[in-house]
Amino acid sequence: MRTIRIGAWLAVAALIAVVGYVALNERLGGSVAELAGASIGGPFTLQRTDGTTVTEKDLMGRPHAIFFGFTHCPEVCPTTLWEASGWLGELGGDADRFAFYFVTVDPERDTAEVLAQYMTSFDARIAGLTGTPEQVEQIKTAYRVYSRKVVLDDGDYTVDHTATVYLMHGDGRFAGTIAYGEDTASAVAKLRRLVKDG
Ligand code: NI
């Protein structure tokens with residue numbers, strides 16, 4: 001497995017700081033929590049695999065999860081999407097009350113067609129989203145996602161990226177995260193709570 005770069009660790013550290021800050025302020029019941037919560041998420045424009053446009057406004061009204069990755073990913077993405085398919089299965093009827101999105105950080109290779117084909121390997125309720133490189137940069141900035149292209153010896157490239165699943169309330173507020181490799185019971189409990197809270 002490729003060594004995670006310093007930048008990735010900095011991104012993880014920043015995310016942990018934000019999550020810790022939100023958790024602390026939620027316990028204190030302070031309005032600062034809303035301010036901190038507002039710092040993850042925001043406006044974006046992307047395309048679904050059927051070519052239709054989706055913006056942050058289309059995600060409103062339903063709690064949702066967003067995961068960033070790319071279809072050529074050797075391990076983290078297929079593992080997470082496979083596990084997420086299992087979470088949706090365990091949620092049963094609750095799964096229909098929220099939405100799950102997979103946003104590519106490799107839009108050059110992950111066209112709508114490539115992404116559509118890739119998503120057939122996972123639960124059909126996980127929607128693949130792509131866009132122009134500029135559009136992908138916009139949502140990466142909004143969600144504080146780290147990704148970086150790494151050229152391999154054979155001239156091909158891979159992409160280091162944030163492996164966290166973001167949980168968002170139906171009104172667009174940041175609700176929490178599911179970590180890479182987090183156990184199923186914990187992940188499903190978080191999703192149930194998210195569906196309950198809305
Ligand atoms: Ni990946």
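In what order do the seven strands of the open sheet stand? I read the order as β2-β1-β5-β4-β3-β8-β9, with mixed pairing; strands here are DSSP runs (E, at least two residues; helices are H or I, at least four), numbered from the N terminus, and two strands pair if DSSP finds at least two bridges between them.

I noted that this is a predicted model, in which local features need pLDDT of at least 70 and side-chain atom pairs count only at pLDDT 80 or more, while totals for chains, interfaces and linings use all residues. Residues are numbered from 1 along each chain as its sequence is written, and side-chain values use heavy atoms, with hydrogens and water left out.

Next I looked at the edges of the sheet, where β2 (53-55) and β9 (174-178) each have a single partner strand, so one side of each is left without a neighbour in the sheet.

I then followed β4 (residues 99-104) and β5 (residues 126-130), which pair in the parallel sense over four bridges, and found that Phe-100 has Ile-126 in β5 as its bridge partner.

Cys-77 counts as buried because its relative accessibility is 0%, and His-161 counts as buried at 13%; buried means under 20% relative accessible area, exposed over 50%, and partly exposed in between (1.4 Å probe, protein chains only).
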